[in-house]
Amino acid sequence: IWQFETIDYPELYSLSLFRNDYLNDYYDEWACDYAHLNSFQITSDNKYIYLSYRNIGVIVIEKETKKIVSKLCYKSNERIKLFGQHDIRLLNDHKFSVFNNNKFFKKENIKDKKSQIAIISLDDQFNLLNAEYIDLPEKAACSLGGAILIDEKTNTWDITYSPYSTLAQIQEYNVNSKQTNLKITIPSILDWSYCYRIERAEKNYEE
């Protein structure tokens, strides 16, 4: 069992892009708390944990000491343009992707802003090396959504989109060719439009 108390780290509170006021939030948001954790990943050596906080960004913690070793947040580095991001995925121990919602507030006027895949690389000390933001076909939205790399050679991703961004919940998208290989729309019943993480199941049917 591993436990991390956010109240012990006041810098997380100050890094939040919200005011953390549940009763009087100016933006009329339901998820305005700084501790809104939506996904995490553990490195292959089991030494570090990447925590994705919707209203802060990504924090890297040394698992044993619980020391914060990296703050990948817009408030601390404007090259980290993560807004309402979800679904962190480690590509290796120093490189990860997240589904960047690219919209933070429900009432934000996004115009031509798109949902994104953000790919962020770090050095051995977890300092920022590079941040890449890939626009996806559907518009930005303030919640949910996910993306997983399924073919590195062709840069093909499986994507789920968040509510309010599109009527197509599931997409296979080739970034290199900007081609949609698959697009699935599920009728908006039983909250099917609220899609989050996506996984690809494979089976050898010859067995």
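Me: In which strand is Gln116 found?
Reply: This is a predicted model, and the assignment applies to that model. Gln116 is found in strand β7.

Me: Is Gln116 buried or exposed?
Reply: Buried means under 20% relative accessible area. Gln116 has a relative accessibility of 10%, so the residue counts as buried.

Me: Which side chains make polar contacts with the side chain of Gln116?
Reply: Gln116 touches residues including Val98, Phe99, Tyr133 and Ile134, with residues up to four places away in sequence not counted. Asn100 and Asp135 are also among the residues it touches. The polar contacts of the Gln116 side chain include one of 2.8 Å to the side chain of Asn100 and one of 2.9 Å to the side chain of Asp135. The names are Asn100 and Asp135.

Me: How many charged residues are in the lining of the second largest pocket?
Reply: About 160 Å³ of space lies in this pocket. Its lining consists of Leu91, Lys95, Ile119, Glu132, Leu149, Glu152, Asn155 and Trp157. Asp, Glu, Lys and Arg count as charged, so Lys95, Glu132 and Glu152 belong to that class. Beside four nonpolar residues and one polar residue, the number of charged residues is three.

Me: What is the phi of Lys66, and where does this residue lie?
Reply: Lys66 is partly exposed, with a relative accessible area of 27%. It lies in the loop between β3 and β4. Lys66 is a residue other than glycine, yet its phi is positive, near 60°.

Me: What is the phi of Leu144?
Reply: Leu144 lies in the loop between β8 and β9. At 22% relative accessibility, it counts as partly exposed. Although Leu144 is not a glycine, its phi is positive, at about 55°.

Me: Which residue has a backbone nitrogen that the side chain of Tyr196 reaches at 3.3 Å?
Reply: Tyr196 lies in the segment after β12 and counts as partly exposed at 22% relative accessibility. Residues it touches include Asn38, His86, Leu144 and Thr160, not counting residues up to four places away in sequence. At 3.3 Å, its side chain reaches the backbone nitrogen of Asp87.

Me: What is the distance between the C-alpha atoms of Phe18 and Ile56?
Reply: Phe18 is found in the loop between α1 and β1. Its relative accessibility is 5%, under the 20% limit, so Phe18 counts as buried. Phe18 and Ile56 are 38 residues apart in sequence, and their C-alpha atoms are separated in space by 8.6 Å.

How values were computed. Residues are numbered from 1 along each chain as its sequence is written. This is a predicted model: local features need pLDDT of at least 70, side-chain atom pairs count only at pLDDT 80 or more; totals for chains, interfaces and linings use all residues. Side-chain values use heavy atoms; hydrogens and water are left out. On a 1 Å grid over the protein atoms alone, a cavity is a set of points where a 1.4 Å probe fits but cannot get out, and a pocket is an open set with protein on both sides within 12 Å along at least five of seven lines; lining residues have an atom within 4 Å of a point. Grid points are joined across faces, edges and corners, and a volume is the space filled by probe spheres set on the points. Helices (H or I, at least four residues) and strands (E, at least two) are DSSP runs, numbered from the N terminus. Buried means under 20% relative accessible area, exposed over 50%, partly exposed in between (1.4 Å probe, protein chains only). A polar contact is a pair of N or O atoms within 3.5 Å; within protein, one must be able to donate a hydrogen and the other to accept it, and residues adjacent in sequence count only if both atoms are side-chain atoms. Contact means heavy atoms within 4.5 Å.
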